[in-house]
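I record what I looked up, in the order in which I looked it up.

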Amino acid sequence: MITCERVTKSYPMGHGRKQVLNALDLHISPGEHVGLLGRNGAGKTTLIKLIGGVEMPTSGKIRRKMNVSWPLGFTGGFQGSLTGYDNARFIARIYGHEYTDIRGFVEEFTELGPQLKMPVKTYSSGMKARLAFALSLAIEFDCYLIDEVIMVGDANFHKKCHYELFEKRGDRALVLASHSPELVREFCDRALVLHQGHGTIYTDVNDALEVYQTL
Amino acid sequence: MGTLAQGWRSQRRVIGALMIRELVTRFGRENIGFLWMMVEPLLFAILVGFLWRLMKGPEDHGISVFAFVATGYIPLTLFRHCATRSIRVINVNSSLMYHRQIKLQDFIFVRVLIEVIGGCMAYVFIATVLGLIGEFPVPADMGAFLLGWLLYCVFVLALCMVMAPLSEMSDVLEKILPVATYIQIPASGAFNMMSWLTPQAQNALYYSPFVHPMELMRYGVFGARVNAKWDLSVTIVWTVVFMAIGLILCRRIRRNLVVE
């Protein structure tokens, strides 16, 4: 279970502050799939970072009663100058897994082959997404935070994600930020529409998508 | 108790992983890698030792100049390296905040720990080499030496806990660090014993946190041949105060940290 209570986040901007999220409430139960909708800059990534504990809210509280993944997105979580294998080793160590146990899965899922011996900064966003997904799936979380990143992969990656995440781990909770109506409609039970710092939760995803299209 | 033990295990895993990561990014996998850590204090001790020997002769106040320079320079370079490496350490590592079990104090701790390990290795190596040519004594009181070294390292850690978050708040620290470490030399106790100084100077330096562990380390190495005096409570008070301020500052920085 994750609860966000009156979560507010602002960043310094010039002499004032830019209010990104304003007194947002959100409750995510185990196994629930929540879509995040909103225009560019509406605060989807910020909210995911706050839920993941990457950044701290300016005010308000976030409680995590389940094992939440790090935000799987285009950036973050990796050290660019280290190789894919080194990053895998590092992440295995800090999450208390045997590297040898997850290595096979990472090689198989990413299909990066010898590229895993190259520094991560030489990877394309699709390749980074593969590595991030492979590692987070190997570590097994109760809740996955996904920021757009599914869309950057190719068809083969989609298929694998689909199987590993939505079928094999369909019982896990999911927070999915996305601009793709199809993805949200297919996989989410509820959706949160972010607009001008305020969040509105819709129990019917289609209602949320309708509102989102008019923004 | 269960959660405490879990937390401890997790903390150890994080520190271990960060150490390896830091060593790989800093020294790479090839060449002599980690051994580079010892080279700088080694060169300092030997080259400055030669210089002093030419200027002052083989002995100063009855102790080998080489040994005296080495016992001063190794802790001094440790402090300088730690200070330099704690500048912006939070910013350059901020992408690690993606993993909640990693705290930003861990970055500071790991960098200081690596320097301390390098310093220990350098010390053992230099003392052995100088000892073989008869320029370094067998330590008179190993316990006193280790206590001094430990306290010195803990104080440096506390200082870095303050410097790292301060360097994120303002660039001033980075700009003044070179001159500050230069000005610090007389207060470091590295190049003279307290007993060689005038009473006024001794009174002033009494408040320096560096001097007391340095005197204790020198006593541990040279024994009664140096008239060492120390009051560890001075250093302990500084350490506790810096550590408390540092942790508060780190907390503030963490709250406002923006991670890409």
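I began at the end of H7(B), which is followed by Gly189(B), a residue with a positive phi near 70 degrees. Helices (H or I, at least four residues) and strands (E, at least two) are taken here as DSSP runs, numbered from the N terminus. The model is predicted: local features need pLDDT of at least 70, side-chain atom pairs count only at pLDDT 80 or more, and totals for chains, interfaces and linings use all residues. Residues are numbered from 1 along each chain as its sequence is written, and chains are lettered from A and ligands numbered from 1 in the order in which they are written.

I then checked the helix itself. H7(B) covers residues 172-188, and its 17 residues should span 24 Å at 1.5 Å a residue; the end C-alpha atoms are 22 Å apart, which agrees. The expected span is 1.5 Å times one less than the number of residues. Where is the kink in H7(B) centred? I found it at Pro178(B), with a value of about 40 degrees. The bend at a residue is the angle between axes fitted to the seven residues ending there and the seven starting there.

Next I turned to H10(B). Its 25 residues should span 36 Å, and its end C-alpha atoms are 36 Å apart, in agreement. Which residues of H10(B) are buried? I listed Thr235(B), Thr239(B), Phe242(B), Gly246(B) and Cys250(B). A residue counts as buried if 20 or more other C-beta atoms lie within 10 Å of its own, exposed if 12 or fewer, and partly exposed in between, with C-beta atoms placed from the backbone. An α-helix has 3.6 residues a turn, so residues three or four places apart point the same way. The cover over the buried residues of H10(B) includes helices H5 (104-132), H6 (142-169) and H9 (211-222) of chain B.

I looked up the contact between the chains: 20 residues come from chain B and 19 residues from chain A. Two residues are in contact if their C-beta atoms, placed from the backbone, lie within 7 Å. On the side of chain B that touches chain A, helix H1 (2-27) and helix H10 (232-256) each supply at least two residues. The largest share of that side, 7 residues, comes from H1(B).

For chain B as a whole I noted 10 helices and 2 strands, in the order α-α-β-β-α-α-α-α-α-α-α-α along the sequence. Its radius of gyration is 19 Å, close to the 18 Å that the globule rule gives for 260 residues, so chain B is as compact as a globular protein of that length. The radius is taken over C-alpha atoms, and the rule is 2.2 Å times the number of residues to the power 0.38. Of the 260 residues of chain B, 40% count as buried.

Chain A has 7 helices and 8 strands. A compact globule of 215 residues would have a radius of gyration near 17 Å, and chain A agrees with 17 Å. Of its 215 residues, 44% count as buried.

Finally, I examined Ser125(A), which lies in helix H4 (residues 125-139) of chain A. Ser125(A) counts as partly exposed because it has 15 C-beta neighbours inside 10 Å. Leaving aside residues up to four places away in sequence, Ser125(A) touches Phe74(A) and Val152(A).
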